[in-house]
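Me: I've got a model open and I'd like to learn how to read its features. Can we go through it together?

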Amino acid sequence: VGPYVTRNPLLAATDMPPPVEKPNYKNTGKSIDEVFSNNQKWIDSKESVDPNYFNALGSVHKPKYLWIGCADARVPANEIMGLDAGDVFVLRNVANMVTGTDFNVMSALQYAVTALEVPHIIVCGHYDCGGVRASIENRDHTPPLENWLRSIRDVYRLHSSELNAIKDPERRHRRLVELNVIEQCINLFKTGVVQRKRVETFRSDEFSITQPRIHAVVFDPATGKLVPLKVDFRQYIDELHDIYDLYAIEDETKVDAANKEALSSLKKGEQPHLPGDIDVDV
């Protein structure tokens, strides 16, 4: 798709950096010795700071975040969030999709929510996404890739009026990246495993907020910036409750108390937390 640094529409032509030449791996050697050499350097760097680093890493697996991101090599989850090994449970695929028939996604989601009990799920898209670009091309990319891209085409169909009104192709691409992230967040909300955990934590006095929280973010590889999307998820979810809700809150007393607390929060200008909510920190 060409050097991504030339694709940022927010840069004036005079400010554009020179195109970056792609690496050529046609004549690469058979060995991957650099991988093991770099691994040893990483081990040495960690142990020089903390001799017990790997003792701790090898004994505890309790990440705070589930990251659902693109397989693009420019979007390494831990690195761009400034987090260490053990902090993020990572799931990656082409264009950061959450598809209900994908057993890999659903299994990782179930394990993260029920076993690891992660309090936060981050869905991260990125600009200059090859999967999103391919999805708007009117050609057959052949299965299984074409089957996968069809779900992104569906996102375009759902938001075609907004997208077709954007004349600049690059800005349209960036908006489709954002809308795709939002739709994948909504797909998370539809799942039984997320709904069940949110109802459990809502009912429990041990949790200060309903978990897991779902966050929509986009990474820009041309700037290195990770940006939260400003989304009013209630606008989407209110239309879906009657269709996708799998659990009901039976404790009316607690619901009434929660509603009063939510009303109080709104009056204070704070974000209320209810079991049906999914929000982003903006």
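Me: Let's start with the sheet: how many strands form it, and in what order?

Reply: First, some ground rules: this is a predicted model, where local features need pLDDT of at least 70, side-chain atom pairs count only at pLDDT 80 or more, and totals for chains, interfaces and linings use all residues. Residues are numbered from 1 along each chain as its sequence is written, and side-chain values use heavy atoms, leaving out hydrogens and water. Helices (H or I, at least four residues) and strands (E, at least two) are DSSP runs, numbered from the N terminus. Two strands pair if DSSP finds at least two bridges between them. Here, five strands make an open sheet, ordered E2-E1-E3-E4-E5, with mixed pairing. At the edges sit E2 (88-93) and E5 (225-228), each pairing on one side only. From one strand to the next, the twist averages 25°.

Me: How many bridges join E3 to E4?

Reply: Seven bridges link E3 (residues 120-126) with E4 (residues 213-220), and the two run parallel. Across that pairing, Cys 124 stands opposite Val 217 in E4.

Me: Now helices. What describes two packed ones?

Reply: You give the angle between their axes and the distance between the axes. Axes are lines fitted to C-alpha atoms, for helices over the stretch in contact, and angles run from 0 to 180 degrees between N-to-C directions. For H6 (residues 145-158) and H8 (residues 169-190), the axes come within 10 Å and cross at roughly 105°. H6 and H8 are therefore roughly perpendicular (that label covers 65 to 115 degrees).

Me: Which residues of H6 and H8 meet?

Reply: From H6 you have Ile 152, Val 155, Tyr 156 and Leu 158; their partners in H8 include Arg 172, Leu 176 and Glu 183. Contact means heavy atoms within 4.5 Å.

Key: Parallel < 35°, antiparallel > 145°, perpendicular 65-115°, else oblique.
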